Amino acid sequence: MAILRAHRGKHRPRALVVPLLAVSAAAALAIIWFLFFPPSLTSAFSLAPPAAAYASESEGSSGLERKYLYWGSRIDCPGKHCDSCAGLGHQESSLRCALEEALFLQRVFVMPSRMCINPLHNKKGILHQHSNTSSEERWAANSCPMDSLYDFDLFSSKVQVILDNSKMWYRILSTSMKLEETGVAYVEGVSRVDLKENIDYSNVLLINRTTNPLAWFMECKDRTNRSSVLLPYSFLPMVAARKLRDAADKIKALLGDYDAIHVRRGDKIKTRKDQFGVIRTLHPHLDRDTRPEFIQQRIEKWIPAGRTLFIASNERYKLAYSSNFSGILDPVIENNYQLFMVERLVLVGAKTFVKTFKVDEMDLSLTDDPKKNAKHWQIPIYTMEREGR
């Protein structure tokens, strides 16, 4: 449910030599790579949820004893992504930014009840495009319920949320419209510090923030001090919905003692020609570093021969792959976002996990190219030398 924006009021200031077997995430989750020996079976690690702190109607309260933060009815909307959407990773960056603000302000976050499924990241067939459908019908067909992705009891152990299709949200919204000055504040371009310390905002029941039109996560772009980050990158992956965590646990039990690598190519190896017709890319070593012979060379110092290797990739390799896990996944997976969330849980359960890009200093990675490079287009390098490696 969207908030009506007709009356803004005065509170709106501007202020891998062995064949590499891999599979696209769009076709199957991942594969087992047997170098020499079959895997042993071990018990799955189970993530047990803590006591619930989900701010829901079941608590028997009116909800008026808490204060609320609303960023919009869809992630990254309003803005340029209202009629489209980014992939899961980008949307999670935006969602994490909003949740951090709610945590900082000690407010309940009003969570969009659905997440947009980007067609480029989904091949499961839930998307339907019909010219004679309304925008709301297309949104329902091209999105999935947020609670099919995340476990909100587990989720709210850290930050409290309510869904924007809940009875409580309707109650809060209705009440805020009646409270006049202490009901709702419409804000744009206001820092979270001001929202917390300025009595004009801190006392109101509901803060309705208009965020950066590029994306929600832009509101967190200026926070370069890592100590100020309230929610780590690992938070959302670890609070996946129960059925997704159960599926990951079953796969990990089948894998036993295993290692894992994530091979990301696809969108990251795109190229373009400069004004002289020279091909350039933002990640000059990535195409080379994620080819089978280079992956083998790179990981041999971390993963000994004979280990079971779980490989996750967004690349459509023209090689055979295993469908060992279809019996586990088919009953629960409805879209590729859910598939990717199960995949992430399996990756982090590995004894040794090698990422494509280094994110933290202690990470093992397939390439030394930085993950984030939005401006420096360079000539791709395919030679066998690996500088300083």
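Modeller: A residue counts as buried when its relative accessible area is under 20%, as exposed when that area is over 50%, and as partly exposed in between. Please note that the model is a predicted one.

Colleague: On that scale, is Asp-287 buried or exposed?

Modeller: The cut-off for a buried residue is under 20% relative accessible area. Asp-287 has a relative accessibility of 14%, so Asp-287 counts as buried.

Colleague: With which side chain does Asp-287 meet in a salt bridge?

Modeller: The salt bridge of Asp-287 has an N to O distance of 3.2 Å.

Colleague: Which residue forms a salt bridge with Arg-288?

Modeller: Arg-288 counts as buried, at 0% relative accessibility. The closest N and O atoms of the pair are 2.9 Å apart. The partner likewise counts as buried at 0%, and it is Asp-289.

Colleague: How many residues apart in sequence are the parts tied together by Glu-92 and Arg-344?

Modeller: The side chains of Glu-92 and Arg-344 meet in a salt bridge of 2.6 Å, N to O, and both residues are buried. Glu-92 lies in helix α1 (residues 88–105) and Arg-344 in helix α12 (residues 336–348), so the parts that the pair ties together are apart in sequence by 252 residues.

Colleague: What is the arrangement of the rings of Trp-71 and Trp-216?

Modeller: Trp-71 is buried, with a relative accessible area of 1%, and Trp-216 is buried at 0%. Their ring centres are 5.4 Å apart. Planes over 60 degrees apart count as edge-to-face. The planes of this pair stand at 80 degrees, so the arrangement is edge-to-face.

Colleague: Which residues do ring pairs link into a cluster with Phe-155?

Modeller: Phe-155 counts as buried, at 0% relative accessibility, and Phe-235 is buried with a relative accessible area of 11%. Ring pairs link Phe-155 into a cluster with Tyr-150, Phe-152 and Phe-235.

Colleague: Where does Asp-151 lie, and which residues does it touch?

Modeller: Asp-151 lies in the loop between β5 (143–145) and α3 (152–155), and Asp-151 is buried, with a relative accessible area of 13%. Leaving aside residues up to four places away in sequence, Asp-151 touches Val-239, Ala-240, Ala-241, Arg-242 and Arg-245.

Colleague: Over which ring does the charged end of Arg-192 sit?

Modeller: The charged end of Arg-192 sits 5.9 Å from the centre of the ring. Lys-196 lies over the face of that ring too, at 4.7 Å from the ring centre. The ring is that of Phe-104.

Methods
Residues numbered from 1 in each chain as written. Predicted model: local features only at pLDDT ≥ 70, side-chain atom pairs only at ≥ 80, totals over all residues. Heavy atoms only, no water. Helix = DSSP H or I, 4+ residues; strand = E, 2+ residues; numbered from the N terminus. Buried < 20%, exposed > 50% of the residue type's maximum accessible area, 1.4 Å probe, protein only. Contact = heavy atoms within 4.5 Å. Salt bridge = Lys/Arg side-chain N within 4 Å of Asp/Glu carboxyl O. Phe/Tyr/Trp six-rings, centres within 6.5 Å; stacked < 30°, edge-to-face > 60°. Lys NZ or Arg CZ within 6 Å of the ring centre and 35° of its normal.
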